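Trainee: I am new to this structure and would like to learn how to read it. Could you please take me through it feature by feature?

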Amino acid sequence: MDIKLRYNLKNQRFFIIAGGLFILLFVIELIVTKDISYFNIALALTYSVPYIYHRKVPFLTIQKGVLKQNWWFGKRIDSKDINEIKYFAGEYIVRSAQKEIRIDTHLIDVRDQPLLTDFLRTHHDKWVNAMPFAESQKA
């Protein structure tokens, strides 16, 4: 079972709009001053690269019972090693003996949040507090 939890659209829109605005500022500055300023190009790339990364790579993947965060220093926890699961302040905290993964539900696409809650529901004996599935699936 391969589950890919994508970034939400609001997060992606922010990066593409900010990158587009800096490209627009670069073009306006080029027309007005006839001089190339690399500062606006650098800022446009700073915002455009995360947009491309978020479109291509999912926020979290669950493959063969292994939760893996997909970023440079992302953590991974095998579902067999999970000791406790907690829901606090809009994020799931999944702990094993050595590691802890914090999954912010505001970064996950609303369409993919039920997939995460269904996976966590299979570990009902590991929950520290009550399972807040109704709250976690709200937009």
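**Reading strands, helices and burial**

Mentor: Let us begin with a pair of strands: E6 and E7 run antiparallel and are joined by five bridges, where strands (E, at least two residues) and helices (H or I, at least four) are DSSP runs numbered from the N terminus, and two strands pair if DSSP finds at least two bridges between them. Within this pair, Val94 has Ile101 in E7 as its bridge partner. This is a predicted model, in which local features need pLDDT of at least 70 and side-chain atom pairs count only at pLDDT 80 or more, while totals for chains, interfaces and linings use all residues. Residues are numbered from 1 along each chain as its sequence is written, and side-chain values use heavy atoms, with hydrogens and water left out.

Trainee: In which order do the strands of the open sheet lie?

Mentor: The order is E5-E6-E7, three strands with antiparallel pairing. Strand E5 (84-88) and E7 are the edge strands, since each of them pairs on one side only.

Trainee: Which residues does Ser96 touch, leaving aside those up to four places away in sequence?

Mentor: Contact means heavy atoms within 4.5 Å, and by that rule Ser96, which is found in the loop between strand E6 (91-95) and strand E7 (100-104), touches Ile77, Asp81 and Asn83. Buried means under 20% relative accessible area, exposed over 50%, and partly exposed in between, with a 1.4 Å probe and protein chains only; Ser96 counts as buried because its relative accessibility is 13%.

Trainee: Which residues of H2 are buried?

Mentor: In H2 the buried residues are Asn40, Ala44, Ser48 and His54. Seen down the helix axis, they fall within an arc of 115° (taken from the directions from the axis to the C-beta atoms), so they line one face of H2. These buried residues pack against helix H1 (9-33), while the face turned away from the buried side carries the exposed residues Tyr38, Phe39 and Lys56.
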